[in-house]
Amino acid sequence: MDPYLGCAQNKSKPRSVLDGFSNRNLTAVKGGRPSRSAIRTNRPVSTSSLVEPSEHFRLLQQDHLALLKKQKQLEDSYSLLEERYDKLKLEYETLQSAYEELQENYSVSSPKNFKAGKFLVYLKLKRRADKSALENRNIIKSKCFKDVAMEVIVVNCFHWKPPVFRADEACFNTFLKDVVMADHPRIPRVIYECVSVLESNEKFLSVPGLYRVSGDYNVIQNLRYDINANQYKKLRKLKSPHEVCGIIKLFLRELKDPLVPMQMCSEIIPSLEELKSNKRAKVLQLVNALDELRLQTLKFLMKHLRNVANTAENEMDPYSLGLLMSSCIFNETLADVCPVKFEKQSAVPRECIIVMIEHYEMIFE
């Protein structure tokens, strides 16, 4: 405190008048500096704090939907890759079995036989070209518009009809009486061989979805060519039962005269109500109306289907087998009718197959 004025004095007292003026200038400079709070207020404010909550929620929802869509696409791609992997794995196993068979046939280690064996391996493992590939390579010629137009003009003007060539095969797409038969029992050999392959392996009968799961189309078509040539080596070496079941269904489906004619079934069992009144008697009457070849083939096939139904591991009961095999055995072509009429006309064949499987001994023995 100043003893004369009673005012607070600065701790650093000036020694002279000049020092006092210099201290006043320094004080003015210190007081003129901007404060930190002023500097902070001049910074730009973040715009994220200005977005409304509803708008922010809408943006997050859009991102969530985009992620869900991407996840669905990845799952579809993964399933497609899994299917492709299964097909390639099955094809690899088929080629491996063919290669092992050729190695057994050409085990002689001379250079000449080794080269011949390699060439035959190449021919056997080479994939069979389809019709479109042969047309692209000009090996077979497809009809162009000009050829079709000329044929129509000749037919209409000169009343000439082109000759009809027989396109029947040894086992498929032909009549039942023309199929290659087994010696004992007297049934189509393709049915006998397929059933023998399925029942000789206990694992095949225990596979879930037997006759319901479709086999590989390419393998079935290659087996078709071999069976028409009366060759069954590849069929006996299959490692999957679904292709064997596919051969049985393909054979029954392509018969030009069905194993059980639909017209005969309609005459004996006109409606489902009449069948339900006395099932076993009506089905027995239908079976006895068949000729010997159809009767023996149907008996052999129903015995096999009964064995399939009695195996609990494959999850195929008589109803499921009746639903699947009725369209092949009766060979009804009802794809162009309405669903109500289809259900009505396919109910009788389905119930007939179920009765044949459940009461096999009473009907066939």
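**Notebook: charge pairs, helix contacts and a loop**

I began with R294, which counts as buried at 12% relative accessibility. This is a predicted model, so I read every value below as computed from its atoms. The partner I found for R294 is D291: the two form a salt bridge, with the closest N and O atoms 3.0 Å apart. I then checked the other end, and D291 counts as partly exposed at 37% relative accessibility.

**Entry: the overall picture**

I stepped back to see the whole chain. The protein has 18 helices and zero strands. Of its 365 residues, 29% count as buried. I also looked at contacts with a separation of 6 or more, and 70% of these come from residues 24 or more positions apart.

**Entry: more salt bridges**

How many salt bridges are there under the 4 Å rule? I get a count of 13. One of them brings E351 together with K279, and here the closest N and O atoms are 3.9 Å apart. I was glad to look up where these two sit: E351 belongs to helix α17 (residues 339–358) and K279 to helix α14 (residues 279–288), so the pair links distant parts of the chain, 72 residues apart.

Is E351 buried or exposed? E351 counts as buried, because its relative accessibility is 13% and the cut-off for buried is under 20%. K279, at 35%, counts as partly exposed.

Next I looked at D178 and K177, whose side chains meet in a salt bridge at 3.4 Å, N to O. K177 counts as exposed, because its relative accessibility is 63% and exposed means over 50%. D178 is partly exposed, with a relative accessible area of 34%.

A reminder to myself on the background: side chains of opposite charge can pair when their charged atoms come close.

**Entry: the buried face of α14**

I returned to α14, the helix that holds K279. Which residues are buried in α14? They are K282, V283, L286 and V287. Looking down the axis of α14, I see these buried residues fall within an arc of 135°, so they line one face of the helix.

**Entry: α11 against α16**

I then turned to a helix pair. Helix α11 (residues 241–253) and helix α16 (residues 318–329) have axes that come within 7 Å and cross at roughly 40°. That angle makes α11 oblique to α16. On the α11 side, I noted K249, L252 and R253 in the contact, and on the α16 side M325, C328 and I329. By type, the contact residues divide into four nonpolar, no polar and two charged.

**Entry: V207 in its loop**

Where does V207 lie? I find V207 in the loop between α8 (202–205) and α9 (217–228). Leaving aside residues up to four places away in sequence, V207 touches P241, H242 and N314. For P241 I also looked up the spacing: its C-alpha atom and that of V207 are separated by 7.8 Å, while the two residues are 34 residues apart along the chain.

Conventions: Residues numbered from 1 in each chain as written. Predicted model: local features only at pLDDT ≥ 70, side-chain atom pairs only at ≥ 80, totals over all residues. Heavy atoms only, no water. Buried < 20%, exposed > 50% of the residue type's maximum accessible area, 1.4 Å probe, protein only. Helix = DSSP H or I, 4+ residues; strand = E, 2+ residues; numbered from the N terminus. Axes fitted to C-alpha atoms, helices over the stretch in contact; angles between N-to-C directions. Parallel < 35°, antiparallel > 145°, perpendicular 65-115°, else oblique. Contact = heavy atoms within 4.5 Å. Nonpolar A, V, L, I, M, F, W, Y, C, P; charged D, E, K, R; others polar. Arc of directions from axis to C-beta.
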